[in-house]
Amino acid sequence: MRLTRRRPLVVAVLFCALAVLAARPADGDGSHAPGHGATSVSTEVARLYEEAGKATERYEAGREEAEKQRELAQQLEERLDDERQEATGLREDLGRIASSQYRDGGGLPLTAHLLLADDPEQLMRGQRVAQHAEVTLDQALGRSERAEARLARDEAKAAAAWEKLERRNEELAALQRAIEEKLETARWKLQGEADASVAAGSCRDAVRLDQPPVEYTTPWVAPVETYELSASYGSGGARWANRHTGQDFAVPIGTPVRAVGSGTVVKVSCGGAFGIEIVVAHPGGYYTQYAHLAAVAVDQGERVSPGQWIGQSGTSGNSTGPHLHFEVRVTPEMGSSVDPVPWLTGRGVPL
């Protein structure tokens, strides 16, 4: 069963420019501890996320440049349409003038006209008309030649503009692929650390997320910013021995997970079916659980505020793919959960 949030899933690429990870040494641990040392995986993940963020900025700048180039090329195409119509009209005018002169004997020399004329005075008037027509023809030819030259010049400009746009689009596509590859590498390295922690049954030191300063105007928020709702509370299936005890949010590995409200971290665990999990106690006797994480960003006993990044999503423990398992409980332990969707909706957070 799969439910979709009102907003479509937006692959969270731009958050990487903000989520620069920094491993924090544990008190009393030496450089041999997981996550420490110049060559630690945690340091490598931080570097990859930072590079991905910078690449994203370049991609956005390049995309804006490509859009400007597209507008320029379209403007040139519109100008070319006008110039083509003008050139066609001038050619038609030339044809009419040439045809008129041919019918009026414009090809005979003046001496022949004088010999054949019955009225020399009338002939001279006709000759002045012919001369005027000749000037008109010359001017029309000049306009037509200039229009043809301008058309050829602008067609070359338009072709160059479209070629430049095509090259830029190819560069942007390559940059986008590089971003995705770096993100994928970073996410699975992060997940590798999570799997090692779960296998050891011991959490690594909290990896702090460098969250930008954000002031939330509401006391409650969703646990992730962009997502698709997947397995819902109470649903059944082969993945669980009993009914599903929470709401799943389908998000990529490494997505920042937020505390839904103010509270205190009462549990950070790295073993069992939930993999890496965090439990937060909230005023009023409720607890929220965030499971299958790839990393934690808080310690047990720490106070958290609404929207604070407390970890990163993953696929640790008994998980079939990257997602956040979110529960609302009336005790810190499993078996006391309530449906989190109406619980959040009642606090002004519709999913």
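The model is predicted. Its strand β8, residues 286-296, is mostly covered, with 10 of its 11 residues buried. β8 pairs in the antiparallel sense with β7 and with β11, and bridges also join β8 to β10.

**Strand pairing around β8**

- Strand β7 (residues 276-282) runs antiparallel to β8, and 6 bridges connect the two. Within this pairing, Val279 has Gln289 of β8 as its bridge partner.
- The hairpin formed by β7 and β8 has 3 residues between the strands, and Gly284 in this hairpin adopts a positive phi near 100°.
- Strand β11 (residues 324-329) is also antiparallel to β8, with 5 bridges between them. Here Thr288 is placed opposite Val328 of β11.
- Strand β10 (residues 309-313) is antiparallel to β8 and is joined to β8 by 3 bridges. Leu293 faces Ser313 of β10 in this arrangement.

- His292 belongs to strand β8. Its relative accessible area is 5%, below the 20% limit, and His292 therefore counts as buried.
- The phi of His292 is near 65°, a positive value in a residue that is not glycine. Most residues other than glycine have a negative phi.
- Thr315 is located in the loop between β10 and β11. Thr315 is classed as buried because its relative accessibility is 14%, which is under the 20% cut-off.
- Beyond its neighbours within four places in sequence, Thr315 is in contact with Trp188, Gln191, Ile253, His292, Thr320, Gly321 and Pro322.

**Aromatic pairs**

- The structure contains 5 aromatic pairs. In the pair of Tyr290 and Phe326, the ring centres are 5.5 Å apart and the planes meet at 55°; this angle is between 30 and 60 degrees, so the pair is tilted.
- This pair connects distant parts of the chain, since Tyr290 is in strand β8 and Phe326 is in strand β11, 36 residues apart. Both Tyr290 and Phe326 are buried.
- Tyr290 and Phe326 also belong to a cluster with Tyr227 and Phe249, linked by ring pairs.

**Charge over rings**

- Arg347 places its charged end over the ring of Trp220, at 5.7 Å from the ring centre.
- The charged end of Arg347 also sits over the ring of Tyr286, 5.3 Å from the centre of that ring.

Notes: Residues numbered from 1 in each chain as written. Predicted model: local features only at pLDDT ≥ 70, side-chain atom pairs only at ≥ 80, totals over all residues. Heavy atoms only, no water. Buried < 20%, exposed > 50% of the residue type's maximum accessible area, 1.4 Å probe, protein only. Helix = DSSP H or I, 4+ residues; strand = E, 2+ residues; numbered from the N terminus. Pairing = 2+ DSSP bridges. Contact = heavy atoms within 4.5 Å. Phe/Tyr/Trp six-rings, centres within 6.5 Å; stacked < 30°, edge-to-face > 60°. Lys NZ or Arg CZ within 6 Å of the ring centre and 35° of its normal.
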